[in-house]
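Subject: Structure handover

Hi,

Here is the structure for you to look through. My notes follow below it.

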Amino acid sequence: MSQIPPIFKREFLSYFRSPVAYVFLIVFLMASVGCAFFLGGFFNANIASLESYFTFLPWLFIAFIPAAGMRLWSEEKRAGTIELLFTLPVTTLEAVLGKFLAAWAFLCLAILLSFPMALTVAYLGAPDWGVIGSSYLGGMLMAGAYLGICSLTSAFTKNQVISFVISVFVCFLLVLVGWSVFTDFLGGYLALPAWLVDVVSNFSFKTHFEAFAKGIIDPKDVMFFLSLAGFCLCLNVLALER
Amino acid sequence: MIEVKGLVKDYGALRAVDGVSFTVRRGDILGFLGPNGAGKSTTMKVITGFLRPTAGCALVGGHDVTAEPVAVKRLVGYLPENAPAYPEMTVEEFLGFVAETRGFRTAAQKQPRLDRVIGLCHLGPVRRQSIETLSKGYKQRVGLAQALLHDPPVLVLDEPTDGLDPNQKHEVRNLIKQMAAEKTVILSTHILEEVEAICTRMIIISRGKVVVDDTPEGLRARHAGARLDEIFRTLTQTDQ
């Protein structure tokens, strides 16, 4: 595991060595804060909370996290640098973890840069810092799970567009199955038994994230995100070693 | 130092390398020759631990590449074909990254290594330039610098003089010759004069099989009067 730091460092800085980081951070902040203001009614709600900011994260992540993660392995394959990387004395697991953690750190930075929102509600009222803290934690864990999927899909192709489209599709499915409109459809229109609907919605990012947004840190939800990311990364290692 | 035994590599239904065996000792400069698609690069990719062999094995410094890939990778400096490098990094950042993965983590360990290879490969003028802006010749030398960085006992160079002008070719050949005494070098090339100029041994490979394993002098002695390129053509023309 000693080879993770140089790989992490190179990967993390690579976002900032090209315009990718700046474009991503600016557009992500505009979109996420814009949703809170214009769709979530951040001011009109008249409540000192960031709920309207976090509600939209699972939806925004569908597009933004594949955009940040699609390059992880596709770019290495396209540029041929994968041959360089895997003839340096690193194991596949170290390379996968180093790159994943770097992209995750970058995404956490993007999420945490919404801190002026938190300062604003603190200035205007008395927010519940516990809820804000758990929401940020949940957002970052959820980003890790999305990113695991994106890292895996990008290991299968040297084409970033294919990697992006497949990641978006998988992430969208995993949000959709927990969306109330969809579960109502399953339970009402298709008349599936409630336990089956619960099983299906349990695979959703949204279901597990909602607890964090309410201020509940349930180990089950933490484990869901971490194990999903871990599972994807294991497959990622296998996909690269085949 | 390098021992390849009965190496086979399939890409799907295509057999790229078909039972290649050879050994390379310290002090040898082995020239790897063959038409395009003969299996030169594939063999090198197996020796450096990038590809897993379908059958057979390769040993570097006594380590099996499949069983102990990281130990092999520590011993080998590898210049892949077309010298891939991260385009957004500067030459110094890139070599710094390679140095860190090679175990030179602190600035005091790293800087002398960087300065040495930047000097050897004449990268001084472009050390702070990003790799995507470099000419083919400079890129190729960045790849070479990266392979030499940890002063490895084994060098595997896939077309090291590709894209260089005649003066640079001459210089790179001299560099390889100078280092060869205490190293084991394998280099692939299309250029026959290169083999005559620096290699102490040559292997001609055609359709994944070794057809010649000899010294350049020995090969010419066996085909008296013929030029090397004529011998090459007769031995490999089954490919067309």
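Chain B has nine helices and ten strands. Both are DSSP runs numbered from the N terminus: helices are H or I with at least four residues, strands are E with at least two. The model is predicted: local features need pLDDT of at least 70, side-chain atom pairs count only at pLDDT 80 or more, and totals for chains, interfaces and linings use all residues. Residues are numbered from 1 along each chain as its sequence is written, while chains are lettered from A and ligands numbered from 1 in the order in which they are written.

How compact is chain B? Its radius of gyration is 18 Å, close to the 18 Å from the globule rule for 240 residues, so chain B is as compact as a globular protein of that length. (The radius is taken over C-alpha atoms; the rule is 2.2 Å times the number of residues to the power 0.38.) Of the 240 residues in chain B, 45% are buried, meaning that 20 or more other C-beta atoms, placed from the backbone, lie within 10 Å of a residue's own.

Now the interface. In chain B, 19 residues are in contact with 17 residues of chain A; contact means C-beta atoms, placed from the backbone, within 7 Å. On the chain B side, α2 (69-75) and α3 (91-101) each give two or more residues. The largest share, four residues, comes from α3(B).

Last, a helix in chain A. Helix α9 (residues 129-155) of chain A has 27 residues, and 20 of them are buried.

Best wishes

Definitions and conventions
Two residues are in contact if their C-beta atoms, placed from the backbone, lie within 7 Å. A residue is buried if 20 or more other C-beta atoms lie within 10 Å of its own, exposed if 12 or fewer, and partly exposed in between; C-beta atoms are placed from the backbone.
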